[in-house]
Amino acid sequence: MDTPRLRPALDQVPAYVAGKPPAPREGLTVYKVSSNENPNPPLPSVVKVIEEAATQVNRYPDMGVTALTDALAAHLAVPREQIATGTGSVGVLAQIIQSTCDPADEVVYAWRSFEAYPIVVAIAGATSVQVPLTADHRHDLDAMAAAITDRTRVVLVCTPNNPTGPSVQHAELEAFIAKVPKDVLVVVDEAYLEFVEGEGEVDGLDLRRRHDNVMLLRTFSKAYGLAGLRVGYAVAPEPVAEALRKTATPFGVNLIAQAAAIASLEAQHELDVRVKEIVAERGRVLDALREAGWQMSESQANFVWFPLGARTPDFVAACGEAGLSVRPYGTDGVRVTIGEPEANDRLIEVARAFGPA
């Protein structure tokens with residue numbers, strides 16, 4: 001029977017595997033620690049703005065996302081012409097690939113890294129060039145530079161890296177950018193930027209100011225706790241930002257999301273306190289796991305990575321029995337979000353009982 005013809009490129013698109021909610025357990029509080037969500041609800045001031053905005057949803061949002069663009073430009077001290085918004089960082093990522101890649105063009109990125117990368121590249125008909133991480137789960141920037149060809153249009157650098165956790169240092173990223181041709185766009189994916197601490201970490205805005213082929217990709221989903229509203233943004237060279245606005249879904253960033261994002265920027269101090277609490281919990285969990293004999297990578301995000309290999313399914317099952325829904329990545333390992341202290345305590349208990357390899 002004849003059927004509508006679809007693009008052959010779709011046959012190459014891997015399925016996105018979302019974090020699953022936990023299965024109910026009688027007599028046990030269950031926790032979803034599989035999606036890197038902020039365990040805290042929105043701030044009361046943000047909830048109030050959301051409630052007020054909800055009374056206006058009979059109207060279309062501002063398609064130009066004007067108020068949020070202006071707020072971001074002021075918050076980051078960049079020209080508003082360098083700001084582009086979208087439906088979460090994934091939405092902006094899709095706009096990037098649509099703006100830069102024709103079929104058979106190449107996109108270079110580390111692997112394993114953010115699961116959406118191969119999806120958006122394949123949908124565009126472009127080719128993924130995946131460069132293996134180092135033994136300590138970090139970007140191999142020298143190998144990534146060597147993988148660039150005449151067909152390369154974009155290089156994606158996820159820092160901190162999702163799902164493994166380590167971040168790239170500013171000096172090494174600077175050295176890497178110097179090796180990248182000026183007509184290749186370097187996208188610094190900073191979805192977990194707010195959770196980074198320590199010396200020598202990437203100053204994305206500095207790189208953006210000094211390199212015309214560097215852009216930043218950020219989101220309100222993680223530290224700001226607005227994952228359900230889907231709003232992300234880019235800080236990019238003006239021609240790139242203009243292209244991202246052209247490829248954006250009209251009215252994609254809804255009215256409530258815009259209002260909540262602006263209110264969150266205005267509540268930055270309160271949000272910083274929450275982020276510090278999550279970072280402190282991350283340190284507590286990593287210390288406890290290392291004391292139990294686990295060799296853990298130095299996560300700079302709001303999650304930890306267990307490089308379990310073939311033991312991955314067994315660890316997922318053990319967590320499930322304890323009421324924790326975690327995120328497996330094939331037989332590479334398991335990523336677990338830093339959640340409520342009770343959930344973190346339970347993870348430590350499971351990991352101790354399971355034991356390192």
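Reader: What makes the 53 residues a nonpolar core?

Author: This is a predicted model. A set counts as a nonpolar core if its residues are buried, of the listed nonpolar types, and joined through side-chain atoms within 4.5 Å. The largest such core here has 53 residues, and Leu68, Met144, Val155, Leu173, Phe176, Phe220 and Val235 touch the most other members. Helix H9 (residues 255-266) gives the largest share, eight residues.

Reader: Which residues does valine 155 touch?

Author: Leaving out residues up to four places away in sequence, valine 155 touches Val108, Met144, Ile148, Phe176, Val184, Leu185, Val186 and Val187.

Reader: Where do Tyr192 and Trp294 belong?

Author: Tyr192 and Trp294 are among the 33 residues of another core, which lies apart from the largest one and also includes Leu289 and Val350.

Reader: How do you know that strand E5 pairs with strand E6?

Author: Pairing requires at least two bridges. Five bridges join E5 (residues 152-158) to E6 (residues 185-189), so the two strands pair, and they run parallel. In one of these bridges, leucine 156 has valine 187 of E6 as its partner.

Reader: Why are E2 and E4 called edge strands?

Author: The open sheet has seven strands in the order E2-E8-E7-E6-E5-E3-E4, with mixed pairing. E2 (83-86) and E4 (127-132) each pair on one side only. From one strand to the next, the twist averages 25°.

Reader: What does helix H4 lie across?

Author: Helix H4 (residues 116-123) lies across E3 (106-111), E4, E5 and E6, at about 165° to E3. Helix H2 (residues 66-76) lies across E2, E7 (214-219) and E8 (232-235), at about 130° to E2.

Technical notes
Residues are numbered from 1 along each chain as its sequence is written. This is a predicted model: local features need pLDDT of at least 70, side-chain atom pairs count only at pLDDT 80 or more; totals for chains, interfaces and linings use all residues. Side-chain values use heavy atoms; hydrogens and water are left out. Helices (H or I, at least four residues) and strands (E, at least two) are DSSP runs, numbered from the N terminus. Axes are lines fitted to C-alpha atoms, for helices over the stretch in contact, and angles run from 0 to 180 degrees between N-to-C directions. Contact means heavy atoms within 4.5 Å. Buried means under 20% relative accessible area, exposed over 50%, partly exposed in between (1.4 Å probe, protein chains only).
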